[in-house]
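Biologist: Please show me the chain and its model. I have some questions about how it is put together.

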Amino acid sequence: MILLPGAAHAQESSLPSIGGAGGGLISEQQESEIGRQVMVSIRRSAPQITDPLVYSYLNDVIYRLVPSAPLKNRDLTLAIIDSPDINAFAVPGSIVGINGGLVLNASSEQQFASVLAHELAHLSQRHFARRMEQQETSAPLTIAGMLAGIVLSAVTQSDIGIAAIAGTQALSVQNMLAYSRAHEQEADRVGMEILADAGMDPRGMPEMFETMMKQNRLQGSRLPEYLSTHPLTQSRVSDTRNRAEQYPDRDIQDTQEYHLIRSRLQVHYARSAKMAVDTFQDYLERPDTEKTDAIRYGLAVAHLRNRDPASAVEILEDLLNGNPGRITYTVTLAEALIDQQRLDRARNLLREGLSRNPGNYPITYTLARLETANGNGEAAAEYLRQLTRQMPRQEHLWSRLAEAEGLARNIVGVHRARAEYEALMGDLEAAQRQLRQAQEKLPAGAPMRQVVTERLAEITERLNAQRS
């Protein structure tokens, strides 16, 4: 549903007044600060998937949905938790978290996207702030208490976070979940509107809920992780199914990229590389299984993980010949060539791909990896500098940049990159030290010294505010 100005105003006016001049409980600026602290906790405590191909695909799906979501702040931060369980979450400050297992356990791209649309709906309706405002009538709620609950939920993918919030407020878990269900129903409704407007199938939502409930029955007392923070009942499944049926029935096909990334994650979560090879080989040999490119791609990735790049190269070259220019094939083939130490061939392949797709994250990152492997620190650092400008909140990129700057013997560059990494990890004192060391190594009047001095002032201001 596209919200016209009048419709958007009507929807906003139906919500409680949260923050700002209206005297609500928390402002959007406070939500942003909470989101920053949540991301620090996630970076410190939760294993994340940093695979550029996986990140780019998930980011693309989210931003396919974002134009249809009634969000005020569309500058989202994506965290991909390295867990095979089904889970996703949204927290203040436009943070969206996704477990790798969400893609694995969804039977279609529509099902997977329905969970993301649901989380974007939570953000658009500011459910965090609204929950805090309602609970103010029961007991005083501190930002820190709610923050602790959100962090625990995000990091542990369990109901520990909800328990912590309830404990802070001395509220019963029953009351907490009852209020949460109301928000879940609202997020279901808004999420389906987002899906339909984005050209995706709202029927994916009840289908995904049914998958979760089936897992719940199979697992007995152990709930799928998503359900521990997103209560699901049969009546809610029925409600979403009835709502979905009101939308036109359209034959919407999954993108090829969904199946390729799903295969890549299946290899990632396989118990062993050999088992991954056997699994995908078995898929190809089954008479009832269509020999799709996604299965062949999965086999190539499995060979790569099994330290057999030659077998991977053979499959990937054939796939790329059949679909010239596909970035996923180009990058994975380059990864295999790098493992074979065929660096010139990999470099030419990646540069050709980058000329067609300027600034592409997976291609640029793989070029940086190649130049690092080749001992060319300055070239690697230049690629990584480009990426940190595009994605300044990706801490692993700053860590890689510090490594490349060290290889290039650019000590000031090392300090600057380390400072940004430490700031994202929440250690502002360490960031301050790194910037001071960079400042000391630059002559007075140097343009870079002014840049470092300004950044040092920003970090110092944040540190002083943190201490006050």
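Biologist: In which helix does Y63 lie?

Modeller: This is a predicted model, in which local features need pLDDT of at least 70, side-chain atom pairs count only at pLDDT 80 or more, and totals for chains, interfaces and linings use all residues. Residues are numbered from 1 along each chain as its sequence is written, and side-chain values use heavy atoms, with hydrogens and water left out. Helices (H or I, at least four residues) and strands (E, at least two) are DSSP runs, numbered from the N terminus. On that numbering, residues 52-65, with Y63 among them, form helix α3.

Biologist: Is Y63 buried or exposed, or partly exposed?

Modeller: Buried means under 20% relative accessible area, exposed over 50%, and partly exposed in between (1.4 Å probe, protein chains only). The relative accessibility of Y63 is 31%, so Y63 counts as partly exposed.

Biologist: How is S94 classed, buried or exposed?

Modeller: S94 is in the loop between β2 (88-91) and β3 (95-99), and its phi is positive, near 60 degrees, in a residue other than glycine. Its relative accessibility is 9%, so S94 counts as buried.

Biologist: And R307, buried or exposed?

Modeller: R307 also has a positive phi, about 60 degrees, without being a glycine. It sits in the loop between α15 (293-305) and α16 (309-322). With a relative accessible area of 77%, R307 is exposed.

Biologist: Are α18 and α19 roughly parallel or antiparallel?

Modeller: Axes are lines fitted to C-alpha atoms, for helices over the stretch in contact, and angles run from 0 to 180 degrees between N-to-C directions. Angles under 35 degrees count as roughly parallel, over 145 as roughly antiparallel, 65 to 115 as roughly perpendicular and the rest as oblique. Helix α18 (residues 343-356) packs on helix α19 (residues 361-373) at about 155 degrees, with the axes 10 Å apart. The pair is therefore roughly antiparallel.

Biologist: Which residues have the most contacts inside the largest nonpolar core?

Modeller: A nonpolar core is a set of buried Ala, Val, Leu, Ile, Met, Phe, Trp, Tyr and Cys residues joined through side-chain atoms within 4.5 Å. The largest has 102 residues, and those with the most contacts inside it are L58, L65, I98, F112 and L120.
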